[in-house]
Amino acid sequence: SPGCGAVLEPRLSGEEDPPRLPYRVRVSAGKRYAWCACGHSKKQPFCDGAHKSKAPGISPVFFTPEKDKAFMFCACKQTRNAPYCDGSHLKVIFRDVVKSVKGIFK
């Protein structure tokens, strides 16, 4: 699916920037969840169906945990281990800082 390791531009320019740091959320064993892969959901890190109108090519990632546990869920939408954080937000933050610094010197 496009959310699994794809390089996404989850929001259009002019919209609020997506969060960068992961969400720590406790989930329940046996319950099916849908992780938002597009960045438009108002119920982050989970899907609220916003992709249907705002990002129709990006589907949520469905998962069912085997035990009750708190997980770190990706917020930057660049993880290669969806829906879990793999540290990709560090690259995203670095890229944003470099872009900002370059903007100062233009």
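**Entry 1: the cavity**

How many cavities of 30 Å³ or more does a search of the whole structure find? I got one. A caution to myself before going on: this is a predicted model. The largest cavity has a volume of about 40 Å³. I listed the residues that line this largest cavity: Cys-36, Ala-37, Cys-38, Ser-41, Cys-47, Asp-48, Ala-50, His-51, Ile-58, Ser-59 and Pro-60.

**Entry 2: His-51, from the cavity lining**

I picked His-51 out of that lining and looked up where it sits. His-51 belongs to helix α1, residues 51-54. Is His-51 buried or exposed? I found it buried, because its relative accessible area is 12% and the cut-off for buried is under 20%. Leaving out residues up to four places away in sequence, His-51 touches Cys-38, Pro-56, Ile-58, Ser-59 and Pro-60. Among these, Cys-38, Ile-58, Ser-59 and Pro-60 are also on the list of cavity-lining residues. I also checked His-51 against Ala-37: they are 14 residues apart in sequence and 8.5 Å apart in space, C-alpha to C-alpha.

**Entry 3: the layout of the chain**

Next I stepped back to the whole chain. I noted two helices and four strands, and along the sequence they follow the pattern β-β-α-β-β-α. The chain has 106 residues, and 39% of them count as buried. I looked at contacts with a separation of 6 or more, too: residues 24 or more positions apart account for 61% of those in the chain.

**Entry 4: the nonpolar core**

Which residues have the most contacts inside the largest nonpolar core? I wrote down Val-27, Trp-35, Phe-46, Phe-63 and Phe-73, in a core of 18 residues. The elements giving two or more residues to this core are β1 (23-27), β2 (33-35), β3 (61-63) and β4 (69-73).

I then followed Val-27. Setting aside neighbours within four places in sequence, Val-27 is in contact with Tyr-33, Phe-46, Pro-65, Lys-67, Asp-68, Lys-69, Phe-71 and Phe-73. Phe-71 and Val-27 are 44 residues apart in sequence but 7.5 Å apart in space, C-alpha to C-alpha. Not counting residues up to four places away, Phe-71 touches Tyr-23, Arg-24, Val-25, Val-27, Pro-65 and Tyr-84.

**Entry 5: helix α2**

I turned to helix α2, residues 88-104. This helix has 17 residues and reaches 25 Å from its first C-alpha to its last, close to the 24 Å expected at 1.5 Å a residue. Which residues of α2 are buried? They are Ser-88, His-89 and Val-92. Looking down the axis of α2, I noted that its buried residues fall within an arc of 100 degrees, so they line one face of the helix. The other side of α2 has Leu-90, Lys-91, Phe-94, Lys-102 and Ile-104 exposed.

Last, I went through the backbone. Where are the cis peptide bonds? One joins Gln-44 and Pro-45, with omega about 10 degrees, and Pro-45 is in the loop between β2 and α1. Another joins Ala-82 and Pro-83, where omega is also about 10 degrees. Pro-83 lies in the loop between β4 and α2.

Lys-77 is in the loop between β4 and α2 as well. Phi of Lys-77 is near 70 degrees, a positive value in a residue other than glycine. I noted these entries since most residues other than glycine have a negative phi, and most peptide bonds are trans. Lys-77 counts as buried, at 1% relative accessibility.

Note on methods: Residues are numbered from 1 along each chain as its sequence is written. This is a predicted model: local features need pLDDT of at least 70, side-chain atom pairs count only at pLDDT 80 or more; totals for chains, interfaces and linings use all residues. Side-chain values use heavy atoms; hydrogens and water are left out. The expected span of a helix is 1.5 Å times one less than its number of residues. Buried means under 20% relative accessible area, exposed over 50%, partly exposed in between (1.4 Å probe, protein chains only). The arc is that of the directions from the helix axis to the C-beta atoms. A nonpolar core is a set of buried Ala, Val, Leu, Ile, Met, Phe, Trp, Tyr and Cys residues joined through side-chain atoms within 4.5 Å. Contact means heavy atoms within 4.5 Å. On a 1 Å grid over the protein atoms alone, a cavity is a set of points where a 1.4 Å probe fits but cannot get out, and a pocket is an open set with protein on both sides within 12 Å along at least five of seven lines; lining residues have an atom within 4 Å of a point. Grid points are joined across faces, edges and corners, and a volume is the space filled by probe spheres set on the points.
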